[in-house]
Amino acid sequence: MKRLMVKLGLVVLAAGTLGGIAAPSVASASTKAKPTFTNTDLKRYYKSAKSKTAFYFKTYKSNGKTGTLLIFGDFNGKNANVKYGVPTSIKVSKNKRTLTTKYKLIEFKTTNNKTTTSLTKKAYTFKLTKKTSTTFSTKVTGTKLARRLATTGKTYTYTKTKTSPASAYAKKYVKPAMQKEYTDIFNNTDSLTAAQKKQYATQYTNTAVTTMINNFNYKS
């Protein structure tokens, strides 16, 4: 992934340093101010149990430059996957309640055991609206492996959190589905004993869960 950042380091955009949103709004005695974006919001995780998804902006350093990744985790059972996006712009609205992010997805292609990466030609957009100090709303579009953040699709409420939800979500939503998937696969294998079938199903499940967690909790 470090080489990936060098190759795709076309954006030197550090989330959390947007001008004009460093200080939170303070409510007056007579008027209760609506919540607005602060730099801290850009350094948090966002999770939605209803959609079984989570995302965050990841600041990384590569080749002496600082950039940002948009990491989206879809913990929807056996279709669980992680998508990496490179923001091309991050802008806050005039009322400082909506953050608009344009991004391109990173595509991985493996040929002859060699993986290459590239950015999608198409840029996608999603808007994150702050509802309260801890809740936000945005839309998710697509089905199964193709879900992503967007300006169209179904609207979900996300909760802001300091810690990554990857471990909890993977164990709650991914593990049961993968356990069933691998159990069915190995139960159809006549060359294994019952104990081996259970062992392999558990082993493959745990590997899948760990991979999902590690992919979401990307370390540069």
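At 9% relative accessibility, T120 counts as buried (buried means under 20% relative accessible area, exposed over 50%, partly exposed in between, with a 1.4 Å probe and protein chains only). This is a predicted model: local features need pLDDT of at least 70, side-chain atom pairs count only at pLDDT 80 or more, and totals for chains, interfaces and linings use all residues. Residues are numbered from 1 along each chain as its sequence is written, and side-chain values use heavy atoms, with hydrogens and water left out.

**Around T120**

- T120 sits in the loop between β6 (114-119) and β7 (124-130). Helices (H or I, at least four residues) and strands (E, at least two) are DSSP runs, numbered from the N terminus.
- The T120 side chain reaches the backbone oxygen of K122 at 2.9 Å.
- Leaving out residues up to four places away in sequence, T120 touches K104, L105 and E107 (contact means heavy atoms within 4.5 Å).

**The whole protein**

- The protein has three helices and 10 strands. Along the sequence they follow the pattern α-β-β-β-β-β-β-β-β-β-β-α-α.
- Of its 220 residues, 40% count as buried.
- Take the contacts with a separation of 6 or more: residues 24 or more positions apart account for 54% of them.
- The protein exposes about 12600 Å², and carbon and sulfur atoms supply 50% of it. Accessible areas come from the Shrake-Rupley method with a 1.4 Å probe; for residues, only the protein chains shown count as cover.

**Strand β3 and its partners**

- Eight of the 10 residues of β3 (residues 65-74) are buried, so this strand is largely enclosed by the rest of the structure.
- β3 pairs with β2 (residues 53-62) in the antiparallel sense over 10 bridges. Two strands pair if DSSP finds at least two bridges between them.
- In this pairing, A54 stands opposite G73.
- β2 and β3 form a hairpin with two residues between them, and N63 in the turn has a positive phi of about 55°.
- Five bridges join β3 to β4 (residues 81-92), and these strands also run antiparallel. Here F72 has K83 as its bridge partner.
- The β3-β4 hairpin has six residues between its strands, and G77 in the turn has a positive phi of about 60°.

**Helix α3**

- The 23 residues of α3 (residues 194-216) should span 33 Å at 1.5 Å a residue, and the end C-alpha atoms are 33 Å apart, which agrees. The expected span is 1.5 Å times one less than the number of residues.
- Buried residues in α3 are K197, A201, T205, V209, M212, I213 and F216.
- Their cover includes β1 (45-48), β2, β3, β4 and α2 (166-187).

**Aromatic pairs**

- The structure holds 18 aromatic pairs. Rings of Phe, Tyr and Trp (its six-membered ring) pair if their centres lie within 6.5 Å; planes under 30 degrees apart count as stacked, over 60 as edge-to-face and the rest as tilted.
- F55 and Y158 form an edge-to-face pair, 5.1 Å centre to centre with 70° between the planes. F55 lies in β2 and Y158 in β10 (residues 154-161), so the pair ties together parts 103 residues apart in sequence. Both F55 and Y158 are buried.
- The rings of Y169 and Y173 have centres 5.3 Å apart and planes at 75°, so this pair is edge-to-face. Both residues lie in α2, four residues apart, about one turn of the helix.
- Ring pairs link F37, Y46, F55, Y103, Y124, F126, F136 and Y158 into a cluster.

Note on methods. Polar contact = N/O pair within 3.5 Å; in protein donor to acceptor, adjacent residues only side chain to side chain.
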